[in-house]
Amino acid sequence: MAEYEVCILRIRMVVDMNIKERLVMRDSDLLIHLVQGEWTTKNAKIILYLDCMKELCKKLTKIEYKHVPRIQNEFADALATLSSMIQHPDKNHIDPIEVEIQDQHAYYFHVDEEPDGKPWYYDIKKFLAAREYLENATTGQERALRRLTNRLFLNKEVLYRRTLDLGLLRCIDATEATNYWKKYMQERAGLT
């Protein structure tokens, strides 16, 4: 019901702003199929919401519904998380959040120089390739290495980390991270 209430509020706002065309993108497959009339429900509470939405939609010249799977809706999830963290003294007003969308994702974690000259992931790659632990590794270190490698993937010589949405992040050493970061900052400044 919360999904319907949010959708109704948004359509009311659109109608009040005298907007005639609307694209509704939701991650609720059920809501979209019910509103489009592809599915039906016997739930009396939901039927009232559907009737309200259909009446509001008559005030628009065009309304289109699109299902966006939750896993592909990262931006909305990030905004929802961010908005839940904001505590504003005036509950009737919240300052707008400016969002800058980059052409590509940039993930960067600080990596210190490796004291032994080997990349930070050397032991991990060795374990993934040959399933061999370090000679003097304790049981706790072996267990930590096994747990760590659950989300890692070795493709030939390149190590990747799996993200929760099944994406892959390439693991790089300190030199490559520094070079990438410098290039990224130069591009942002328009120097290249």
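Colleague: Let's start with N18: is this residue buried or exposed?

Modeller: We go by relative accessible area, found with a 1.4 Å probe on protein chains only: buried means under 20%, exposed over 50%, and partly exposed is in between. N18 has 54% relative accessibility, so it counts as exposed. Keep in mind that this is a predicted model, where local features need pLDDT of at least 70 and side-chain atom pairs count only at pLDDT 80 or more, while totals for chains, interfaces and linings use all residues. Residues are numbered from 1 along each chain as its sequence is written, and side-chain values use heavy atoms, with hydrogens and water left out.

Colleague: Where is N18 found, and what is its phi?

Modeller: N18 is in the loop between helix 1 and strand 1 (21-26). Helices (H or I, at least four residues) and strands (E, at least two) are DSSP runs, numbered from the N terminus. Phi of N18 is positive, about 60°, although N18 is not a glycine.

Colleague: And what is phi for K156?

Modeller: K156, also not a glycine, has a positive phi near 55°. You'll find K156 in the loop between strand 3 (152-155) and strand 4 (158-162). With 74% relative accessibility, K156 counts as exposed.

Colleague: Now the inside. Which residues touch the most other members of the largest nonpolar core?

Modeller: In soluble globular proteins, nonpolar side chains tend to be buried together. A nonpolar core is a set of buried Ala, Val, Leu, Ile, Met, Phe, Trp, Tyr and Cys residues joined through side-chain atoms within 4.5 Å. The largest one here has 18 residues, and Y4, I11, M53 and Y65 touch the most other members. Helix 1 (2-16), helix 2 (29-35) and helix 3 (44-57) each supply at least two of its residues, with the largest share, six residues, coming from helix 3. Another core, of eight residues, lies apart from it and includes I124 and L145.

Colleague: How do helix 1 and helix 3 cross?

Modeller: Two packed helices are described by the angle between their axes and the distance between the axes. Here the axes come within 10 Å and cross at roughly 15°. Helix 1 and helix 3 are therefore roughly parallel (angles under 35 degrees).

Notes. Axes fitted to C-alpha atoms, helices over the stretch in contact; angles between N-to-C directions. Parallel < 35°, antiparallel > 145°, perpendicular 65-115°, else oblique.
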